[in-house]
Every structure is written in structure tokens, then in C-alpha cells.
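Me: I would like to learn how to read the features of a model such as this one. Please take me through it feature by feature.

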Amino acid sequence: MDSGAWFPFLLLVSTIGQICSEPILRLPSEKDVSGDYCDSWRLAVETNNAGAWERVPVSCVEFVAEYMVGERYRRDCKVVGDFSSAFAKGVGLVGDGRDAWVFDIDETLLSNVPYYQDIGFGSEVFNETSFDNWVNSAAAPALASSLSLYNEIQELGFKIFLLTGRSEYQRNATEVNLLVAGYGNWERLFLRGSSDQGKPATTYKSEKRAELESEGYRIHGNSGDQWSDLWGYAVAARSFKLPNPMYYIL
């Protein structure tokens with residue numbers, strides 16, 4: 001090869017090497033994130049395609065804030081409630097008092113949006129101490145669509161069980177908050193006891209549902225905002241997930 005051909009050849013090799021060394025998939029950096037991306041990110045979160053994540057991307061905080069306090073979030077929750085209601089009405093209850101429906105509490109029956117409003121809508125890593133203080137205030141409002149579904153489920157004849165990741169020492173504050181928000185006459189409220197601490201939510205909640213099944217209950221429906229509320233074993237005949245782009249619980 002003559003000397004004049006060397007330069008184009010080396011340039012070609014260099015270019016190919018550069019292309020091959022580049023990753024095939026590039027995720028956007030924080031500065032590249034747009035509102036459209038944040039909407040797609042939220043979808044990935046809700047469908048669990050994002051997997052485990054710790055906090056909302058900084059560039060998506062405003063998007064999540066607008067969603068959580070806006071009409072779209074309320075509308076999305078209502079759609080989930082409507083599908084839940086339609087399913088519940090079609091269940092053939094045995095009528096022996098063993099037809100059950102399980103509800104999670106946080107971001108399912110009660111809304112912690114006022115709390116998350118003050119800490120950046122999920123942009124900060126979860127702080128257990130500050131959240132416990134919020135729980136103790138018993139000030140969380142009801143999700144309107146969930147309260148409506150709750151009352152309907154009760155009127156249809158289901159036994160309602162509340163299964164939360166909150167701890168046993170928060171029982172009094174939790175019960176007061178539920179009653180003030182309009183919920184009542186549940187069959188049993190499950191909270192984490194000392195033996196439940198440290199367990200993944202999926203394991204803990206599966207164990208509690210299995211307890212219900214061992215007592216002869218048929219779990220027809222289960223409502224929660226986290227996949228860990230719904231997955232595992234002893235699962236309901238139908239599970240309904242409410243939206244929550246603020247945090248993820250394993």
C-alpha cells in the first residue's frame with residue numbers, strides 16, 4: 001500500500017473502532033430529559049419496566065408534582081376504581097362471610113401527597129423518621145375514588161382486610177386516620193409486627209394473605225399502589241394497581 005493510501009485506511013479503522021466501542025442503548029442524561037421523556041418514565045415505572053428505583057429523576061420532579069396534584073392522577077385512580085367495581089359486581093359471593101377483598105393503605109386508601117409535597121415529590125431518598133411523624137399526625141386524606149370503592153365493596157358483602165407496611169406501633173394513629181378519612185368496619189388491620197421487620201414487602205404481604213386463606217377466606221380482589229402489594233403467593237383472583245410515580249417498595 002502506498003503512503004497516500006495509508007491515511008484514509010487509518011481513518012476508516014479509527015472510525016469503525018469508535019462506533020463499535022459505543023454502547024448500543026443510551027439512556028438520557030439529566031440535562032437531556034424532557035417532559036415527554038418524564039411521561040414515558042412514569043409509564044415505565046407503573047408497568048414495572050423500570051425495575052427497582054430509589055427516587056424521581058430531578059428533571060421529572062415538576063412533572064410528577066403536576067401529575068399528583070392534578071386532575072390526571074384523580075382520573076387515573078377513578079378508572080382503576082371503576083374496573084375494580086365492575087369486577088366486584090360480577091363476583092358470585094358464597095355468602096358465608098369468607099369472601100374477602102384486601103386493601104393496602106398508603107397511596108391506596110389514604111393519600112400522602114401533602115407529605116410528599118413538602119419533600120420534593122419523591123426526589124429525596126425516603127426518610128423513615130419524617131414519614132413516621134407524618135403518620136402520627138393522622139392527617140392523610142382519603143383518595144376519593146378508593147373511598148367510593150371501599151364503601152361499595154362493603155355493601156356488596158365482601159369482608160375487607162387492610163394490609164399495610166406500616167408497623168404495629170403505628171396502629172392507633174393509622175386507625176384514627178382511617179376513621180377520620182371516612183373508612184370503617186374493616187374486618188382486620190394487618191401491620192408489621194416484630195417478626196415482620198426487615199422482610200421484603202412481597203414476602204410479608206404474601207404471608208398475611210396466606211394466613212387469610214388458611215382461615216378459609218377467598219381473596220377475590222386486592223388493591224394497592226405497589227407491585228409488592230399484589231405479587232407473590234396467595235394472590236387475589238384479580239389485583240388492581242393504583243398509580244404511584246413517587247416511590248417504589250420492594
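Me: Which residue in β2 does Trp101 stand opposite?
Reply: Trp101 stands opposite Ile160 in β2. This is a predicted model, in which local features need pLDDT of at least 70 and side-chain atom pairs count only at pLDDT 80 or more, while totals for chains, interfaces and linings use all residues. Residues are numbered from 1 along each chain as its sequence is written, and side-chain values use heavy atoms, with hydrogens and water left out.

Me: In which sense do β1 and β2 pair, and over how many bridges?
Reply: Two strands pair if DSSP finds at least two bridges between them. Here β1 and β2 (residues 159-167) are parallel, with 4 bridges. Strand β1 is also joined to β4 (residues 218-224), again in parallel, by 5 bridges. Within β4, Arg218 is the bridge partner of Asp99. Strands are DSSP runs of E with at least two residues, and helices are runs of H or I with at least four, numbered from the N terminus.

Me: Which way do the side chains of β1 point?
Reply: In a regular strand the side chains alternate between the two faces of the sheet. In β1, Asp99, Trp101 and Phe103 point one way, Ala100 and Val102 the other. Of the 5 residues in β1 (residues 99-103), 5 are buried. Buried means under 20% relative accessible area, exposed over 50%, and partly exposed in between, with a 1.4 Å probe and protein chains only.

Me: Where do the buried residues of α7 fall, seen down its axis?
Reply: An α-helix has 3.6 residues a turn, so residues three or four places apart point the same way. In α7, the buried residues are Ser145, Ser146, Leu149, Tyr150 and Ile153. They fall within an arc of 135° seen down the axis, so they line one face of the helix; the arc is that of the directions from the helix axis to the C-beta atoms. On the other side, Ala144 and Glu155 are exposed. The cover over the buried residues of α7 includes α4 (71-90), β1, β2 and β4.

Me: What span does α7 reach from its first C-alpha to its last?
Reply: The expected span of a helix is 1.5 Å times one less than its number of residues. Helix α7 (residues 144-156) has 13 residues and reaches 19 Å, close to the 18 Å expected. Just after α7, Gly157 has a positive phi of about 110°.

Me: Which residues of α6 are buried?
Reply: In α6 (residues 128-137) they are Phe131, Asp132, Trp134 and Val135. Seen down the axis of α6, they fall within an arc of 160°, so they line one face of the helix. These residues pack against α5 (113-117), β2 and α8 (171-181). At the start of α6, a side-chain oxygen of Asn127 comes to within 3.1 Å of the backbone nitrogen of Thr129. Just after α6, Ala138 takes a positive phi of about 50°.

Me: Is Leu212 buried or exposed?
Reply: Leu212, in helix α9 (residues 201-214), is buried, with a relative accessible area of 2%. Contact means heavy atoms within 4.5 Å. Leaving aside neighbours within four places in sequence, Leu212 is in contact with Val102, Phe161, Arg188, Phe190, Tyr217 and Ile219. The C-alpha atoms of Leu212 and Ala100 are 8.8 Å apart, although 112 residues separate them along the chain.

Note on methods: A polar contact is a pair of N or O atoms within 3.5 Å; within protein, one must be able to donate a hydrogen and the other to accept it, and residues adjacent in sequence count only if both atoms are side-chain atoms.
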